[in-house]
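Subject: Structure handover

Hello,

Here is the structure we talked about. Please open it alongside these notes.

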Amino acid sequence: MYLKAAQPLVAELLNGVNGSMILYGQTGSGKTYAAFGVPERLHRVDTWINDSDRGIIPRAAEEIIDGINAKGLNRGFSSTLTISYVQVYGNEITDLATGNVVGQDREGRYANVRATDRVGHRYVLDGNTEVEAKSMKDVVVLLQTGEKNKRVAATAMNERSTRAHTIFIFTLHQVDTDLGIE
């Protein structure tokens, strides 16, 4: 699945093109497994990095980090990768890095929480934490923290359902150091 669906998006990201992937399906159909891999491995960082049981997100992260390192060494590029991890539950968005509700008008937990604001033809997420990812360990730490901050509840089909949607965001900022172009 990674090679056909996600790897082309990673290549485009490294070339400066935006992309997104949505995993959709019934509760218990394997979306979380496809995204993250074997859940038990997330808590054992040493066995998870370079593990064949990893999902789309860790594989993409590794490929992006490797691509950044290759570009910087071979072509005079300076790149910064940041990652964010949020959970959408009803009209509320939680930053899984901190456990805090994010959005505009954040005066109180439920005081006019508006997690997105329409700007032109797009929605903008405001207030989420962006963590710089220089290595796979940075990615793993955010995923582990996010797992602890997720809302979960049992359903008839899944013992550990979030009843929410999670979004993992890669943001790549690149500068051609020879030309000074972003």
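Below is what came out of the analysis.

This is a predicted model, so local features need pLDDT of at least 70 and side-chain atom pairs count only at pLDDT 80 or more, while totals for chains, interfaces and linings use all residues. Residues are numbered from 1 along each chain as its sequence is written, and side-chain values use heavy atoms, with hydrogens and water left out.

Overall picture

The protein chain has five helices and seven strands. Helices (H or I, at least four residues) and strands (E, at least two) are DSSP runs, numbered from the N terminus. Their order from the N terminus is α-α-α-α-β-β-β-β-β-β-α-β. The chain has 182 residues, and 36% of them count as buried. Buried means under 20% relative accessible area, exposed over 50%, and partly exposed in between (1.4 Å probe, protein chains only). Take contacts (heavy atoms within 4.5 Å): among those between residues at least 6 apart in sequence, 60% join residues at least 24 apart.

Start with β2, residues 92-95. Both of its faces are covered. E92 and T94 are buried on one side, I93 and D95 on the other. Strand β1 (residues 77-89) runs antiparallel to β2, joined by four bridges. Two strands pair if DSSP finds at least two bridges between them. β2 also pairs with β3 (residues 100-102), again antiparallel, over three bridges.

Four residues lie between β2 and β3, where G99 takes a positive phi near 85°.

K150

Which loop holds K150? K150 is in the loop between α5 (136-149) and β7 (165-176). K150 is buried, because its relative accessible area is 11%. Its side chain makes polar contacts (a pair of N or O atoms within 3.5 Å; within protein, one must be able to donate a hydrogen and the other to accept it, and residues adjacent in sequence count only if both atoms are side-chain atoms). One, to the side chain of Y85, is 3.2 Å. Another, to the side chain of E147, is 2.9 Å.

M1

M1 lies in the segment before α1 (2-14). M1 is exposed, because its relative accessible area is 62%.

Best wishes
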